[in-house]
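Please work through each task before reading its solution.

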Amino acid sequence: MLVVANWKMNPLSVEEAKQLFSTISQKEEVVICPPCPFLYLGKNFVLGGQNCSNKKEGSLTGEVSAFMLNSIGCKYVIVGHSERRVIMKETDDIINIKALMAIDAKLTPIICVGEINKSNKGEEIERQLKIALNGINKDVVVAYEPIFAIGTGNPCSIDVANERRELIKNILKEKGLEKSLVLYGGSVNSENVSFYTKQAGFDGVLVGKASLDANEFNKIIENALCSRKS
Ligand code: PGA
């Protein structure tokens with residue numbers, strides 16, 4: 001079970017980041033992905049980057065290498081988040097290179113896939129995932145994050161999420177990566193988390209907005225870990 005916090009470009013001050021770190025339950029199943037300037041504050045947590053460059057090093061102003069993330073103790077890095085696909089125009093091929101770069105740097109990539117359109121029957125995530133996994137022969141983490149559910153308060157229905165989880169598991173199996181964890185992300189909160197971790201059988205969740213509220217996030221952690229035991 002993995003509960004991943006994606007703080008995105010929040011909070012705005014070091015004081016707030018310290019406060020968050022000091023109130024979030026620290027557990028081996030909890031991964032915090034804060035903005036890069038705050039990574040050093042979370043030394044006691046399992047940490048992840050929110051993105052990495054598709055190049056190892058060099059003249060790339062503003063970019064962060066997966067190797068740098070590893071050298072400061074990160075274990076994971078998110079690649080292919082829909083905000084990067086849509087706003088930063090990252091293509092499937094770039095995301096594949098980033099995932100390979102992460103593995104090269106001894107990080108586990110958290111590869112996000114998700115359809116833009118609710119009526120899409122899974123072809124889009126199939127394409128995204130197959131390309132992202134090109135050349136990968138180590139287990140990864142895949143997060144199913146339908147774009148219509150991200151930050152909207154409208155999570156994906158359990159049935160659709162379950163179908164997509166099965167599709168993702170099958171693709172991972174074809175590639176010999178069946179031990180990879182599959183997470184759900186998109187408007188997760190303390191009340192709906194166990195629908196995904198228990199009913200729909202996901203191996204954990206990727207949490208955006210609700211991870212910025214330590215009380216709410218701690219309840220998410222508790223409910224997710226509890227659904228694994230029951
Ligand atoms: P949300 O974001 O929980 O705010 O919907 C999830 C994500 O973007 O990873």
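**Exercise 1. Ligand contacts**

How far does a backbone N or O atom of G151 lie from an oxygen atom of the ligand?

Solution. The model is predicted: local features need pLDDT of at least 70, side-chain atom pairs count only at pLDDT 80 or more, and totals for chains, interfaces and linings use all residues. Residues are numbered from 1 along each chain as its sequence is written, and side-chain values use heavy atoms, with hydrogens and water left out.

Step 1. The distance from the backbone N or O atom of G151 to the ligand oxygen is 2.6 Å, and a polar contact is a pair of N or O atoms within 3.5 Å.
Step 2. Polar backbone atoms of two further residues belong here: that of G208 is 2.9 Å from an oxygen atom of the ligand, and that of K209 is also 2.9 Å from a ligand oxygen.
Step 3. On its own the ligand has 280 Å² of accessible area, of which the protein covers 97% (Shrake-Rupley method, 1.4 Å probe).
Step 4. Around the ligand there are 13 residues, of which K8, H81, E145, G151 and S187 come nearest (a residue is near if one of its heavy atoms lies within 4 Å).

**Exercise 2. The surroundings of β5**

Determine which strands pair with β5 and in what sense.

Solution. Strands are DSSP runs of E with at least two residues, helices runs of H or I with at least four, numbered from the N terminus. Two strands pair if DSSP finds at least two bridges between them.

Step 1. Strand β4 (residues 76-79) pairs with β5 in the parallel sense over four bridges; V77 has P109 of β5 as its bridge partner.
Step 2. Strand β6 (residues 141-144) runs parallel to β5 and is joined to β5 by four bridges, with I111 opposite V142.
Step 3. β5, helix α5 (residues 123-132) and β6 form a right-handed β-α-β unit: with the strands pointing away from the viewer, the path from the first strand over the helix to the second runs clockwise.
Step 4. Five of the six residues of β5 (residues 108-113) are buried, that is, under 20% relative accessible area with a 1.4 Å probe and protein chains only; exposed means over 50%, partly exposed in between.

**Exercise 3. Cysteines**

Solution. Step 1. A disulfide requires a pair of cysteine sulfur atoms within 2.5 Å. 
Step 1. The closest cysteine sulfur to that of C36 is in C74, 7.4 Å away, so the two are too far apart for a bond.
Step 2. C156 is likewise in no disulfide, its nearest cysteine sulfur, that of C112, being 15 Å away.
Step 3. The count is zero disulfides.

Key
Polar contact = N/O pair within 3.5 Å; in protein donor to acceptor, adjacent residues only side chain to side chain.
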